[in-house]
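Subject: Structure for you, with notes on cavities and salt bridges

Hello,

Here is the structure I promised to pass on.

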Amino acid sequence: SSGINAEYGGGVCIFKGNYIFKAFSQPAQHSTLIVQTYFHIMAPLSLFKVLVLGLALLISLSLAQNCDSNGNCENIVEEEEQQTIEHSTTTTPDIKTSGNGNGLRIGIVGAGIGGSSVSYYLSKSLPQAELIIHEKNDRIGGRMKTFDVNGKTVEIGASIWHELNKNMDDFADELGLKKIRPFKGEIGGMWNGKEFGYTDFNVHPYVNGMLNIANLLYKFGSSIITLKGIIEGTLSKFQRLYNDTVPFNTVEEFFQRYDLYNETQVLAKENLVAMGISEAFVDTFAGAATRVNYNQNIEDITLFGGLISMVGSGSKLVAADGGNKLICEGLIKKSEASLLLNDPVLSVTKVVQKSEGDEEKIHYVVETKSGKKREYDIVVIAVPIELANIKFDNIELNSATTSVRKFKEVHVTFVSAHNVNVDMFGGVKVDGIYTTSSSEYLFYSLAKKSGLTLEDNKNLYKLFSEVKLSNTYISEFFVNGTIVLADVFFAYPKLVPTKPFPPIVLDQGLYYVNAFESAVSKKETETV
């Protein structure tokens with residue numbers, strides 16, 4: 001066999017012929033283990049390409065140290081694994097009231113992660129306060145929605161969180177919920193409309209992670225390393241909040257305190273390129289990440305939104321077994337709040353009473369669709385005001401609150417099919433397809449739900465799109481494909497540079513949790 005042999009690290013790389021690369025690895029302490037890997041190089045290998053590939057593999061060995069028996073390796077764009085992470089106790093911002101909240105009545109609008117976490121934190125800091133939650137739907141969870149298939153719970157929206165999201169992770173632990181990895185072993189690819197700009201390897205679980213990193217290095221060079229540093233820096237700044245005991249009063253103050261405000265005011269693509277990341281990598285990798293996580297193109301989203309999207313596309317993503325809505329249900333139960341389902345709020349009215357000495361006492365009257373009115377000392381709005389249709393009487397809201405944010409209407413389509421029609425994707429078979437902005441297909445992403453087999457040995461696939469997909473359209477992309485469920489909801493605001501952000505404090509005793517969504521819309525930030 002003619003070719004080039006290069007020995008390194010107790011193993012040998014052999015490049016045979018023009019198209020086949022074989023890697024034989026023999027670890028020093030596991031001499032009986034030989035892993036044989038094949039992959040095709042689409043153009044004949046020159047000596048330069050051989051050296052670049054060899055260098056990429058060497059670098060990947062240092063970047064992909066931790067792979068388990070299922071082939072889960074640390075993603076290059078993620079932070080290093082920490083053996084032990086110590087967090088301080090999450091603090092609740094002070095509410096100007098005396099004692100333990102005895103006699104205080106607090107109304108909370110919304111039973112999603114924002115409302116449920118507010119009720120939980122308030123029950124800790126003001127244990128004697130009376131908490132009442134108004135929820136317009138007949139269920140808890142807000143945008144955390146599920147449906148059951150063959151006895152298994154499938155997430156419709158708000159499907160995952162990152163391990164470093166301390167609040168969400170702590171909630172799951174405290175509630176005794178089992179955490180699972182929903183995307184374990186998935187083979188994905190980024191489709192640009194003509195071809196896959198990148199695809200994962202599917203050789204063997206022990207080596208897939210290392211080969212994926214080598215492939216990224218080979219295709220995009222140092223861009224992947226540069227991006228890793230940028231994301232790690234962003235995460236490090238954001239995580240400072242967990243050790244911070246000083247409350248913040250505005251969204252601007254939060255981001256300025258952690259040196260992240262500028263990232264919320266500039267666009268992702270132009271700034272990533274300016275930081276030394278190749279445009280090809282930004283379009284392919286970052287572009288696919290922003291579309292699957294926020295259904296927005298990399299050209300239009302903020303830098304902070306783009307960076308968070310890429311963190312949300314890594315390997316340290318988890319979910320609650322049985323559905324993430326269980327966290328909301330558990331937090332409300334622990335708070336012992338009264339829960340009123342099917343009780344949409346129509347109006348919040350500020351009432352000012354003057355006592356002797358002209359001292360003012362303020363309370364708020366909340367009227368719901370049932371016609372019932374309730375008085376509260378404090379009201380927390382834990383839903384997007386644009387979507388709630390709540391009338392505010394005798395309350396002066398500033399323009400940042402009243403200006404309507406544009407929310408993304410996201411269509412979620414679940415399809416039962418034997419397989420994806422690979423003819424629509426250049427004959428390449430993968431589990432997940434993530435489109436870039438240059439793709440003309442109507443969907444942002446298409447992914448097989450792992451560990452779930454339907455009748456007739458069919459698989460279940462989940463698609464995100466901004467328009468409704470018909471069975472006729474679906475039939476082009478699947479073998480024997482039919483729609484089993486279609487849903488639509490306003491998932492998140494368009495993440496564009498915003499100045500000013502909506503206020504958190506709307507009035508003396510009126511607070512707005514979802515102000516944070518203008519900067520980034522995640523379950524974790526709704527709990528901050």
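A residue is called buried when its relative accessible area is under 20%, exposed when that area is over 50%, and partly exposed in between. D169, with a relative accessible area of 14%, is therefore buried. Please keep in mind that this is a predicted model, and that the values below are computed from it.

Salt bridges

The count of salt bridges comes to 20.

D169 has K179 as a partner: their side chains form a salt bridge with an N to O distance of 3.1 Å. This pair links distant parts of the chain, with K179 in strand 10 (residues 179-180) and D169 in helix 3 (residues 166-174), 10 residues apart. While D169 is buried, K179 is partly exposed at 31% relative accessibility.

R257 and E253 also meet through their side chains, at 2.9 Å from N to O. Both are in helix 6 (residues 251-257), and because they are 4 residues apart there, about one helical turn separates them. R257 is partly exposed at 22% relative accessibility, and E253 is partly exposed at 25%.

K408 is buried, with a relative accessible area of 9%, whereas E466 is partly exposed at 40%.

Cavities

Searching the whole structure gives 2 cavities of 30 Å³ or more. The largest cavity has a volume of about 220 Å³.

Which residues lie nearest the centre of the largest cavity? They are N165, F238, I308, V311 and K522, out of 17 residues that line the cavity. Sorted by class, the lining has 10 nonpolar, 5 polar and 2 charged residues.

At least two lining residues come from each of strand 9 (161-162), helix 5 (223-238), helix 9 (303-311) and helix 14 (523-527). Helix 9 contributes the most, with 3 residues.

Regards

Key. Residues are numbered from 1 along each chain as its sequence is written. This is a predicted model: local features need pLDDT of at least 70, side-chain atom pairs count only at pLDDT 80 or more; totals for chains, interfaces and linings use all residues. Side-chain values use heavy atoms; hydrogens and water are left out. On a 1 Å grid over the protein atoms alone, a cavity is a set of points where a 1.4 Å probe fits but cannot get out, and a pocket is an open set with protein on both sides within 12 Å along at least five of seven lines; lining residues have an atom within 4 Å of a point. Grid points are joined across faces, edges and corners, and a volume is the space filled by probe spheres set on the points. Ala, Val, Leu, Ile, Met, Phe, Trp, Tyr, Cys and Pro count as nonpolar, Asp, Glu, Lys and Arg as charged, and the others, Gly among them, as polar. A salt bridge is a side-chain nitrogen of Lys or Arg within 4 Å of a carboxyl oxygen of Asp or Glu. Buried means under 20% relative accessible area, exposed over 50%, partly exposed in between (1.4 Å probe, protein chains only).
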